[in-house]
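Please keep the sequence and the model at hand while reading.

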Amino acid sequence: MVAVSSAGQVNERDAPFQLRGNSFTMMVLKVLDPVSANFFPALAGKVRQAPNFFRHAPIVLDFDELSADVTFDVAAFVARVREQYLLPIGFHGGPATVQEQSLACGLVPMPTGRAAKLELARPVDSSGQPVAPPPEPVFRPALVISEPVRSGTQIYAQGTDLIITAPVSHGAEVLADGNIHVYGALRGRALAGISGDNGARIFCQSLEAEVVSIAGLYRVSEDLDPSLLKKAVQIRLDDGFLRIALL
Amino acid sequence: MGKIIVMTSGKGGVGKTTSSAAFATGLALRGFKTVVIDFDVGLRNLDLVMGCERRVVFDFINVINGEAKLNQALIKDKRVDNLYILPTSQTRDKDALTKEGVERILNELCKEFDYIVCDSPAGIERGALMSLYFADHAIIVTNPEVSSVRDSDRILGVLNSKSRRAEQGMEPVTQQLLLTRYDPERVEKGEMLKVDDVLEILAIPLLGVIPESQAVLRASNIGMPVILDENSNAGQAYLDAVGRFLGEDVEHRFTTVQKKGLFSRLLRRSA
């Protein structure tokens, strides 16, 4: 017996599915020269550095930097990327022919992720008049977690900072659009500025993390300087590089 | 109104069934009416460790399916008063467990018993989830070893998110650590994690440290919970742990290397 409301809609509890919004972080492969003979060897080399991290990772192919006259077989290109166990699921930008081919081989057109180029000049609208600056961001209080973040748990501070006054276990993931502060040991994965904020930082009292990342640029545990391990550090993006410094 | 305790770990083979048997026996020895339930459907071991495997007629799954009454499946322990065992099926598997069935049986048991000890299977899937869902207290059985500690951490995360108390916003399940198979000599050599190392990672109160002991295998072979072996260190450690659970202030023993004097060597005290 299905309960029917006056609007004639099926009671949501009886529907055979649920439609929910969700957000996912994904890597972007910015394609600069798809026909270069060195493309796939270099990609293979990058994947070999952390094979488990890259295995079956969903990625978005960014064709923004391709010049208008570049032609290549997109389907074949995607197939070769998949050989590296990376899974292209979407694309962004590129000349019209590249976009058509990408759609044809099943890639999803993605909106721009917010790791955009730094735009120093004031933006202008179509008539050449300077556009009014965007409204001041509304203050959103930080998400504060006071219990240990257990293995297998994922915490996402959307549109704000993340403050954790407890340890973050191995196998846990903490993400924030803003900064991440861990007043304890950081043993899991920490990804700050995931919507593209290059100025986001990660602070922790004891660096034992599996992966750290700011605005998509990451470093795995193996590549961390041993002299910084188990120390109180600050991680930030400086000139496109991840810098880790003792606090 | 009965209290439900789940003995869980995530990792397999760390001592959940041994500890469930010992703990339930310990509570019964203190005068509390206690039942211990085997949730490891298809791989049942609790009946072996409790020594009642030759008296199993009906089991937990029979009661869930309405094929038997609860008092037909409950087995009274021959050695200790107030102690009952609810064995599980060996021929079915964990899909036979249903939330409604488990809830109905636990509610019935809560009316009669002071403590209900649930022996969880390993893992984080259905069997483990069913055993921890209704728990009031959780005892996290962990070996002083990296994989066991990580899996215990995971199960703590599961308790904090998938238990009934978590889902309904009630007071959280109390969590305590039972560190089993502890070998102070190996800890001293640096081969095994120290108590403090494990506590630093898991950050829950310590219920007890059970030393590695040959008495555990002997006890399981003859179907007797090791807590009844008064000469064994493990048995005594379980008695201490039960005391602490009931609120007593008991000092932790067997955590440092015991220098064996000449006298005790002569008397050949069993470990």
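The side chains of A:Arg243 and A:Asp238 meet in a salt bridge with an N to O distance of 3.2 Å, a salt bridge being a side-chain nitrogen of Lys or Arg within 4 Å of a carboxyl oxygen of Asp or Glu. A:Arg243 is partly exposed at 37% relative accessibility, and A:Asp238 is partly exposed at 29%, where buried means under 20% relative accessible area, exposed over 50%, and partly exposed in between (1.4 Å probe, protein chains only).

This is a predicted model, in which local features need pLDDT of at least 70 and side-chain atom pairs count only at pLDDT 80 or more, while totals for chains, interfaces and linings use all residues. Residues are numbered from 1 along each chain as its sequence is written, chains are lettered from A and ligands numbered from 1 in the order in which they are written, and side-chain values use heavy atoms, with hydrogens and water left out.

**Salt bridges**

Over all chains the structure holds 19 salt bridges, and the table lists three of them.

| Pair | N to O distance |
|---|---|
| A:Arg243 and A:Asp238 | 3.2 Å |
| A:Glu65 and A:Lys30 | 3.8 Å |
| B:Glu200 and A:Arg187 | 3.0 Å |

A:Glu65 lies in the loop between β2 and α3 of chain A and A:Lys30 in strand β1 (residues 27-30), so this pair ties together parts that are 35 residues apart in sequence; helices (H or I, at least four residues) and strands (E, at least two) are DSSP runs, numbered from the N terminus. A:Glu65 is partly exposed at 38%, as is A:Lys30 at 39%, and a network of salt bridges links A:Lys30, A:Asp62 and A:Glu65.

**The contact between the chains**

Eight residues of chain A and eleven residues of chain B take part in the contact, which means heavy atoms within 4.5 Å. The area buried between chain A and chain B is about 810 Å², of which carbon and sulfur atoms give 43%; buried area is the accessible area (1.4 Å probe) that two parts lose on being put together, summed over both. On the side of chain A, the residues that lose the most area to chain B are A:Arg150, A:Ser151 and A:Arg187, together 64% of what that side buries.

Two salt bridges are counted between chain A and chain B, one of which is formed by A:Arg187 with B:Glu200. B:Glu200 lies in helix α10 (residues 195-202) of chain B and A:Arg187 in the loop between β9 (180-186) and β10 (189-192) of chain A, so the pair joins two chains. A:Arg187 counts as buried, at 4% relative accessibility.

Most residues other than glycine have a negative phi. A:His56, however, has a positive phi near 60 degrees and lies in the loop between α2 (51-54) and β2 (57-62) of chain A, where A:His56 is partly exposed at 47%. A:Tyr85 likewise has a positive phi, of about 65 degrees, and sits in the loop between α3 (74-83) and β3 (86-92) of chain A, partly exposed at 43%.

In chain B, six of the eight residues of helix α6 (residues 126-133) are buried, among them B:Met130 and B:Leu132. What covers the buried residues of α6(B) includes β1 (3-8), α5 (99-112) and α7 (146-162) of chain B.
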